[in-house]
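Here is a walk through one protein chain, meant to be read with the model open beside you.

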Amino acid sequence: MDTNLRLDDDLLNLLRCPVALRDHSPEEARLSVEHDGYWLVCAASGYKYPVRDGFPQVLTSEGAKWQGTSIADLPVPPPEPSYEPSV
C-alpha cells in the first residue's frame, strides 16, 4: 500500500541539506525531489534523505547511509530504519 503523502511546496522551499550548508550557499544546499517524493537529494553533498509517510527524514545520519547509492538504486518506498537497542 502506498502511504507516502505529497510534500508541501512551501516545506520543500525551506528544506536544505544540513551537511551542504556548512560549505555551500543555501541555494546549493537545496534538496531535489526524486522517485515520486520518496527521496530528497542534495547535489552538493550527495546525501539522500528518505521521506516516510510524508515526513522528510532530513537527519545527517539518514543522509549519510545513502550517500554512496545512486538515485536510480534508491529503494521505493524507503525501508524503515532499524534501531539498535542500547545496552
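One definition comes up again and again, so let's have it now: a residue is called buried under 20% relative accessible area, exposed over 50%, and partly exposed in between, using a 1.4 Å probe and protein chains only. This is a predicted model, in which local features need pLDDT of at least 70 and side-chain atom pairs count only at pLDDT 80 or more, while totals for chains, interfaces and linings use all residues. Residues are numbered from 1 along each chain as its sequence is written, and side-chain values use heavy atoms, with hydrogens and water left out.

How confident is the predictor? The score, pLDDT, is its confidence in each residue, from 0 to 100. The mean pLDDT of the protein chain is 90, and 90% of its residues reach 70 or more. Confidence is lowest in helix α1 (residues 9-14), at a mean of 88, and highest in β2, at 97. As a reading tip, where pLDDT is low, the predicted coordinates should not be read in detail.

Now for the layout. Helices (H or I, at least four residues) and strands (E, at least two) are DSSP runs, numbered from the N terminus. The protein chain has two helices and four strands, and from the N terminus on its elements run α-β-β-β-β-α. Of its 87 residues, 36% count as buried.

Which cysteine sulfur is nearest to that of Cys17? A disulfide is a covalent bond between the sulfur atoms of two cysteines, and here the cut-off is a pair of cysteine sulfur atoms within 2.5 Å. By this rule the count comes to zero disulfides. Cys17 is in no disulfide, and its nearest cysteine sulfur belongs to Cys42, 3.9 Å away.

On to the rings. Rings of Phe, Tyr and Trp (its six-membered ring) pair if their centres lie within 6.5 Å; planes under 30 degrees apart count as stacked, over 60 as edge-to-face and the rest as tilted. By this rule the count comes to two aromatic pairs. Trp39 and Trp66 form an edge-to-face pair, 5.0 Å centre to centre with 70 degrees between the planes. This pair links distant parts of the chain: Trp39 is in strand β2 (residues 39-41) and Trp66 is in the segment after α2 (60-65), 27 residues apart. Trp39 is buried, at 0% relative accessibility, and Trp66 is buried too, with a relative accessible area of 15%. Tyr47 and Tyr49 form a tilted pair, 6.2 Å centre to centre with 45 degrees between the planes. Both Tyr47 and Tyr49 are buried.

Next, charges. Side chains of opposite charge can pair when their charged atoms come close. A salt bridge is a side-chain nitrogen of Lys or Arg within 4 Å of a carboxyl oxygen of Asp or Glu, and by this rule the count comes to three. Arg30 bridges to Glu27, with the closest N and O atoms 3.0 Å apart; Arg30 is partly exposed at 29% relative accessibility, whereas Glu27 is exposed at 51%.

Glu62 forms a salt bridge with Arg52, the closest N and O atoms being 3.3 Å apart. That one links distant parts of the chain, with Glu62 in helix α2 and Arg52 in strand β3, ten residues apart. Both Glu62 and Arg52 are buried, Glu62 at 5% relative accessibility. Lys65 also meets Glu62 in a salt bridge (3.3 Å, N to O). Lys65 and Glu62 are three residues apart in helix α2, so about one helical turn separates them.

Finally, look at Lys48, in strand β3 (residues 48-52). Lys48 is buried yet has no salt bridge, and the nearest side chain of opposite charge, Asp73, is 9.7 Å away. The side chain of Lys48 does reach the backbone oxygen of Gly46, at 3.0 Å. A polar atom of that side chain also lies 3.0 Å from the backbone oxygen of Gln67.

Definitions and conventions
pLDDT is the predictor's confidence in each residue, from 0 to 100. Lys and Arg count as positive and Asp and Glu as negative; His and the chain ends are not counted. A polar contact is a pair of N or O atoms within 3.5 Å; within protein, one must be able to donate a hydrogen and the other to accept it, and residues adjacent in sequence count only if both atoms are side-chain atoms.
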